[in-house]
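Thanks for coming. I will go through one structure today, starting with its pockets and ending with a pair of helices.

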Amino acid sequence: MSRTLLPETVERYVTREIAHETDVQRRLRAETAGMPHAGMQIGADQGALLALLVRLVSARRAIEIGTFTGYSALAVASALPADGKLVCCDVSDEWTSVARRYWREAGVAERIELRLAPATETLADLLKRDGGETFDMAFIDADKSNYDAYYESCLKLVRRGGVIALDNMLWSGKVADPDVHDEDTDALRALNAKISDDRRVDACLLTVGDGVMLARKR
Ligand SMILES: C[S@@+](CC[C@H](N)C(=O)[O-])C[C@H]1O[C@@H](n2cnc3c(N)ncnc32)[C@H](O)[C@@H]1O
């Protein structure tokens, strides 16, 4: 999976000269770089985008689906107010134990509730526990074949005016090639089409990173 569609020099400019990572973010990126599947981590520019979204919608409560070693959660939680809350959904204790270390270092661990279970289960539980329209923002970055289900759950959980961001919606450009058909590409292509016609949201597909779809609930 490619993290960006930009030429390398432009990506370096955007992620190293324009997006400012904190020392903790830099160290988390360096540790993750030595791990298998390091390419799953979002770019520094996407971290900056998520932090900006938190502030734009004055988010106090956020959901993340797909945490890995915790970079995106670190970006979101750091931008939340001190009493803000981020619920993180993942299935890997191994990867999220790295995340927990860095959240503690950054002083944001208290804002994060990590739920280790298939995200469809956690989202259903949140709906029961907290009720609908109780979150301001959601970030979807996990298994692609479930994205539509995650989107539908997040639409229930996020308030009007809140925002849902979905990563990898360009899928290395494969969604734009009508000859490419595999489960993930077909799922993401169909979801792009669905969201762009969805009257429940205002949406825009950003070409940042591997494509970030932004959907604001009407
Ligand atoms: C692309 S990575 C997330 C990257 C992360 N947002 C970051 O910034 O580093 C996808 C994550 O989704 C998790 N995942 C995969 N299937 C899942 C499922 N059914 N429920 C919850 N998490 C899942 C994986 O364990 C993995 O950590």
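**Pockets and a helix pair**

The lining of the largest pocket is made up of 15 nonpolar, nine polar and five charged residues. Please keep in mind that this is a predicted model. The space in this largest pocket comes to about 460 Å³. It is lined by 29 residues, and those closest to the centre are Gly66, Asp90, Asp141, Ala142 and Asp143. Helix H4 (71-79), strand E2 (85-90) and H6 are the elements that give two or more residues to this lining.

Next, the second largest pocket, with a volume of about 340 Å³. Here 13 residues form the lining, and Thr15, Arg16, Glu21, Arg29 and Ala44 lie closest to the centre. What does the lining consist of, by residue class? Eight of its residues are charged, three are polar and two are nonpolar. At least two lining residues come from each of helix H1 (8-18) and helix H2 (23-33). H1 has the largest share, with five residues.

Helix H6 (residues 119-130) packs with helix H7 (residues 147-157) at an angle of about 15°, and their axes are 10 Å apart. Angles under 35 degrees count as roughly parallel, so H6 and H7 are roughly parallel to each other. The crossing of H6 past H7 is left-handed.

Which residues meet there? From H6 they are Ala119, Thr120, Leu123, Leu126 and Leu127, and from H7 they are Ala149, Tyr150, Ser153, Lys156 and Leu157. By class, this contact of H6 with H7 has seven nonpolar residues, two polar and one charged.

Definitions and conventions. Residues numbered from 1 in each chain as written. Predicted model: local features only at pLDDT ≥ 70, side-chain atom pairs only at ≥ 80, totals over all residues. Heavy atoms only, no water. Axes fitted to C-alpha atoms, helices over the stretch in contact; angles between N-to-C directions. Helix = DSSP H or I, 4+ residues; strand = E, 2+ residues; numbered from the N terminus. Parallel < 35°, antiparallel > 145°, perpendicular 65-115°, else oblique. Left-handed = near helix turned anticlockwise from the far one by under 90°. Contact = heavy atoms within 4.5 Å. Nonpolar A, V, L, I, M, F, W, Y, C, P; charged D, E, K, R; others polar. 1 Å grid on protein atoms, 1.4 Å probe; cavity = no way out; pocket = protein on both sides within 12 Å on 5 of 7 lines; lining within 4 Å. Points joined across faces, edges and corners; volume = space filled by probe spheres on them.
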